[in-house]
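Please work through the exercises below with the sequence and the 3D structure at hand. Each one sets a task and then gives a solution in steps.

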Amino acid sequence: MQLIQPALTPLVPLFNLVDTLVAVFNCLQAIPSALGPPPDPTALAACLPDLAEKLSKLLNLLPQVALPRLLKRLLALLVSTLLAVRSKLLHLQQQLVQIAGAVDRAKELEDAGLMAITQCAQANVAQEAANVGKSLAALGKLIGLVNLFLGLLGLPEVPDFQDLAGRPLDTVLAPLDALIDVFKAAEAAIPLP
């Protein structure tokens, strides 16, 4: 069954449709006994919760229902990713402060070896910051998709990361925090049906 499950995944909406039709049929069969002499609505009442559950699954396939939920999940993903990036940037800033202290100490001691080590450490932090920037650039496509869906719902678009490109590490946190707040506000503004 584990081998077949991935192949059957695209058919899940069809299975949900069949399940809903079976639930409707069961409820229709219960109607005569609910009305007939003597009236007994217990069979009808017993099948209604199952029908409601099946209809709920089916309604989730409608774009008007599925799209807002998808957008909320995408925006929550963006927020959690940006919070992780923010944490990484804070760590890199702390490393730069420590390296600056080591550079000052190397200058005091006039130690060329220590100065070379600090320069190497600075280059490593710069490379790590560049890698974080590349990961943010990869999220740009996701933001484009989110903006497309927000436009379909008539909501304002969210900004991308272009303002952060090429900025020094110590000036990135405030705009990043502002972006996180915008994404959280956009997530809260999406109405769920």
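**Exercise 1.** Find which residues of helix H2 meet which residues of helix H3, and describe how these two helices pack.

*Solution.* In this predicted model, local features need pLDDT of at least 70 and side-chain atom pairs count only at pLDDT 80 or more, while totals for chains, interfaces and linings use all residues. Residues are numbered from 1 along each chain as its sequence is written, and side-chain values use heavy atoms, with hydrogens and water left out.

Step one is to list the contacts, where contact means heavy atoms within 4.5 Å. On the H2 side the list includes Asn 16, Leu 17, Thr 20, Ala 23, Cys 27 and Ala 34, and the residues they and others meet in H3 include Leu 44, Cys 47, Leu 51, Leu 55 and Leu 58. By class, this contact of H2 with H3 has 14 nonpolar, four polar and four charged residues; Ala, Val, Leu, Ile, Met, Phe, Trp, Tyr, Cys and Pro count as nonpolar, Asp, Glu, Lys and Arg as charged, and the others, Gly among them, as polar.

Step two is the geometry. Two packed helices are described by the angle between their axes and the distance between the axes. Helix H2 (residues 12-35) and helix H3 (residues 42-59) pack at an angle of about 160°, with their axes 9 Å apart. That makes H2 roughly antiparallel to H3, a term for angles over 145 degrees. The crossing of H2 and H3 is left-handed.

**Exercise 2.** Which residues of H2 are buried, and what is included in their cover?

*Solution.* Buried means under 20% relative accessible area, exposed over 50%, and partly exposed in between, with a 1.4 Å probe and protein chains only. In H2 the buried residues are Asn 16, Thr 20, Ala 23, Cys 27, Ala 30 and Ala 34, and H3 is included in what covers them.

**Exercise 3.** Describe how H4 packs with helix H5, and examine Glu 110 in the loop between them.

*Solution.* H4 and H5 (residues 112-152) have axes 10 Å apart and pack at an angle of about 165°, so these two helices are roughly antiparallel to each other. The contact of H4 with H5 has, by class, 31 nonpolar, four polar and four charged residues.

The loop between H4 and H5 is the place of Glu 110. Although Glu 110 is not a glycine, this residue has a positive phi of about 55°. Glu 110 counts as exposed, because its relative accessibility is 73%.

Conventions
Axes fitted to C-alpha atoms, helices over the stretch in contact; angles between N-to-C directions. Helix = DSSP H or I, 4+ residues; strand = E, 2+ residues; numbered from the N terminus. Parallel < 35°, antiparallel > 145°, perpendicular 65-115°, else oblique. Left-handed = near helix turned anticlockwise from the far one by under 90°.
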